[in-house]
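The dialogue below takes up one feature at a time.

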Amino acid sequence: MVLHAWGGRRKEGLYSFLCSQYGLSPKTLYETKHVSDPYQYIFSDFLAKKKDEILPVFDMVLIDEAQDSPPAFFETIYHITKDPKRIIWAYDEFQSLNELKISEPESLFGLNNEGIPNLNNDSIKGQYEFGIDKDYMLPNSYRNPRKVLVYAHGLGLGLYSKNAKVPMQDKYSWEARGYKIK
């Protein structure tokens with residue numbers, strides 16, 4: 001099953017699917033215009049009303065363009081995915097609509113009733129069976145040549161400006177984006 005995250009009257013999405021499964025009337029974009037993050041709002045609202053009733057229905061979930069998804073969406077995904085929680089999230093943090101940072105599992109997938117993260121940060125370290133890396137960065141951009149990307153990063157991050165806005169202060173953040181620190 002392939003679903004848009006929100007959905008609408010004519011096209012089912014994850015949110016509208018879940019609302020129909022749990023007897024809720026899905027909120028429209030118009031109904032959420034008063035909040036700063038409607039996407040976070042609808043999934044937070046769903047979790048507030050139905051979190052304790054959610055049954056895992058999906059064997060595996062792939063989230064594409066995950067950089068645009070809020071924490072409440074990820075937490076919902078956690079609850080609707082069967083054990084052993086096969087959740088793959090693919091993202092390009094340089095394409096985020098909101099901010100430039102890589103979120104860790106502990107801040108994305110919510111907390112259990114004891115206040116412990118549903119997924120800890122170490123869950124993406126190491127390898128799966130047969131040597132498959134749990135956290136994998138594509139070595140190439142399939143949208144733009146490397147030179148264009150580096151130039152765009154330099155301009156976008158203000159590397160050559162007196163008012164540089166480089167948000168990445170640590171080696172990990174640079175390396176996670178494909179750079180090698182010398």
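**Reading the model, feature by feature**

A: Let us begin with a pair of helices: H1 passes H2 in a left-handed crossing. Please bear in mind throughout that the model is predicted.

Q: At what angle do the axes of H1 and H2 cross, and within what distance do they come?

A: The axes of helix H1, residues 14–21, and helix H2, residues 38–50, cross at roughly 20° and come within 11 Å. H1 is therefore roughly parallel to H2, since angles under 35 degrees are counted in that way.

Q: Which residues of H1 and H2 meet?

A: From H1, Leu 14, Tyr 15 and Leu 18 take part, and they meet Ile 42, Phe 43 and Phe 46 of H2. Sorted by class, this contact has six nonpolar residues, with no polar and no charged ones.

Q: What lies in the loop between H1 and H2?

A: Thr 32 lies in that loop. Thr 32 is buried, because its relative accessible area is 0% and the cut-off for a buried residue is under 20%. Leaving aside residues up to four places away in sequence, Thr 32 touches Trp 6, Lys 27, Pro 38, Tyr 41 and Ile 42.

Q: How many helices and strands does the protein chain have, and what pattern do they follow?

A: The protein chain has six helices and two strands. Read along the sequence, their pattern is α-α-β-α-β-α-α-α. The C-alpha trace spans about 55 × 45 × 30 Å along its principal axes.

Q: What share of the protein chain is buried?

A: Of the 182 residues in the protein chain, 32% are buried. Another overall figure concerns contacts with a separation of 6 or more: residues 24 or more positions apart account for 49% of them.

Q: How many residues of H3 are buried?

A: In H3, nine of the 10 residues are buried, so this helix is largely enclosed by the rest of the structure. The buried residues are Ala 72, Phe 73, Phe 74, Glu 75, Thr 76, Ile 77, Tyr 78, His 79 and Ile 80. They pack against H1, H2, E1, E2 and H4.

Q: How far apart are the C-alpha atoms of Leu 62 and Arg 86?

A: Leu 62 and Arg 86 are 24 residues apart along the chain, and their C-alpha atoms are separated by 8.5 Å. Leu 62 belongs to strand E1 and is exposed, with a relative accessible area of 60%.

Q: Where does the backbone have a cis peptide bond?

A: The cis peptide bond joins Asp 83 and Pro 84, with omega at about 10°. Pro 84 is placed in strand E2, residues 81–89.

Q: What is the phi of Lys 85, and what is that of Glu 65?

A: Lys 85, which lies in strand E2, has a positive phi of about 40° although it is not a glycine. The phi of Glu 65 is near 55°, again a positive value in a residue other than glycine. Glu 65 is found in the loop between strand E1 and helix H3 and counts as partly exposed, at 29% relative accessibility.

Q: Which backbone atom does the side chain of Asn 118 reach?

A: The side chain of Asn 118 reaches the backbone nitrogen of Asn 112 at 3.4 Å. Asn 118 lies in the loop between helix H4 and helix H5 and is buried, with a relative accessible area of 14%. Among the residues that Asn 118 touches are Glu 75, Tyr 78 and His 79, which are also among the buried residues of H3.

Technical notes: Residues numbered from 1 in each chain as written. Predicted model: local features only at pLDDT ≥ 70, side-chain atom pairs only at ≥ 80, totals over all residues. Heavy atoms only, no water. Axes fitted to C-alpha atoms, helices over the stretch in contact; angles between N-to-C directions. Helix = DSSP H or I, 4+ residues; strand = E, 2+ residues; numbered from the N terminus. Parallel < 35°, antiparallel > 145°, perpendicular 65-115°, else oblique. Left-handed = near helix turned anticlockwise from the far one by under 90°. Contact = heavy atoms within 4.5 Å. Nonpolar A, V, L, I, M, F, W, Y, C, P; charged D, E, K, R; others polar. Buried < 20%, exposed > 50% of the residue type's maximum accessible area, 1.4 Å probe, protein only. Polar contact = N/O pair within 3.5 Å; in protein donor to acceptor, adjacent residues only side chain to side chain.
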